[in-house]
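I opened this notebook page to look up the overall build of the chain and then its aromatic side chains. The entries follow the order in which I looked.

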Amino acid sequence: MSTVRIVRDAQNEAQVHPHGATLTSWKVDNQELSFVSKNAVYDGKKAIRGGIPIVFPNFGPWDLGPQHGFARTSLWKVAKEPTVESGSAVAAFELEDSEQTRAMWNNRFKLTYTVIVGDHQMETNLDIKNTGDTSFDFTTLLHTYFRVEDVTKTTVDGLKGCKVFDKVHKETRTEDRDLVKISSETDAVYETTSQVHHITGGPNGKTFTVTKKNLPDTVVWNPWAEKAKAMSDFGDDEYPYMICVEAGHVASRCKLDPQQTYSCGQTISIKD
Ligand code: TA6
């Protein structure tokens with residue numbers, strides 16, 4: 001299984017691994033902006049530790065199957081080979097239900113994941129179609145790992161006033177900070193956040209801008225030292241150089257009737 005290179009030009013490219021349709025690289029001006037662990041496993045079984053794993057049909061622990069669902073550990077098809085059109089490089093990937101998925105979750109679906117590489121920006125859009133004759137519900141999330149220079153100097157905005165479930169301290173509160181900072185293990189599910197987040201502290205001091213579409217919630221995660229040590233596919237010394245800011249529909253389940261499609265996604269841009 002080789003990765004699919006999506007090249008706009010000499011300054012802008014991305015790579016997507018068919019395992020989970022996981023984006024494993026986004027480079028602008030030859031600077032890697034995505035974080036993938038040096039210990040990531042590419043055995044076609046475990047989710048790739050980094051980049052943008054796709055969470056579907058369930059965010060978090062799941063009685064019916066693996067944590068975060070089966071999308072990120074399934075082999076996706078290339079539905080559209082990389083093509084440069086209207087100034088961007090575009091590729092698309094597809095995952096449909098199978099015996100394996102129906103054995104866990106007995107619903108018919110077709111996921112289409114489109115990656116669009118623009119100039120200093122990238123879009124990752126997910127269309128979720130119910131191809132069966134019965135309704136189903138799901139939660140979904142783009143588990144984006146951003147590369148940062150020092151997570152203790154990184155800030156995330158667009159969360160103030162939001163209800164947040166703090167999974168580390170197991171409490172629900174309202175966020176009162178304009179800028180969320182990370183100084184310890186962080187695992188926070190923010191409900192109905194701003195559509196736009198700015199993440200400072202990226203490579204060469206750059207700032208990421210994330211603009212969400214139909215993904216009302218945002219999860220912020222950094223495993224910190226202890227959890228990092230507990231993950232075999234994550235280096236003990238890597239947690240200072242990444243932050244997950246994850247656009248999702250996770251605070252409530254999304255219902256999809258037969259033949260309906262739920263379109264969601266994010267645009268990430270980078271600037272000085
Ligand atoms: O998105 C945050 C989170 O749900 C954390 O609780 C942590 O489990 C993280 O995802 C990574 O999960 P994974 O199954 O990829 O190890």
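**Basis.** I am working with a predicted model, in which local features need pLDDT of at least 70 and side-chain atom pairs count only at pLDDT 80 or more, while totals for chains, interfaces and linings use all residues. Residues are numbered from 1 along each chain as its sequence is written, and side-chain values use heavy atoms, with hydrogens and water left out.

**Whole chain.** I looked up the secondary structure and found 2 helices and 21 strands in the protein chain, where helices (H or I, at least four residues) and strands (E, at least two) are DSSP runs numbered from the N terminus. Along the principal axes, the C-alpha atoms fill a box of roughly 50 × 45 × 35 Å.

Of the contacts (heavy atoms within 4.5 Å) with a separation of 6 or more, 65% are between residues 24 or more positions apart.

**Aromatic rings.** A search of the whole structure gave me 17 aromatic pairs; rings of Phe, Tyr and Trp (its six-membered ring) pair if their centres lie within 6.5 Å, and planes under 30 degrees apart count as stacked, over 60 as edge-to-face and the rest as tilted. I looked at Phe56 and Phe138, whose ring centres are 5.5 Å apart with planes at 50°, so the pair is tilted. This pair links distant parts of the chain, 82 residues apart, with Phe56 in the loop between strands S5 (54–55) and S6 (77–85) and Phe138 in strand S10 (residues 136–142). Phe56 is buried at 0% relative accessible area, and Phe138 is buried, with 0% relative accessibility.

I next looked at Trp224 and Tyr239, a tilted pair at 4.9 Å centre to centre and 50° between the planes. Tyr239 is buried, at 17% relative accessible area.

Last, I noted one aromatic cluster, formed by Phe56, Trp62, Phe70, Trp105, Phe109, Phe136, Phe138 and Tyr262.

Technical notes
Buried < 20%, exposed > 50% of the residue type's maximum accessible area, 1.4 Å probe, protein only.
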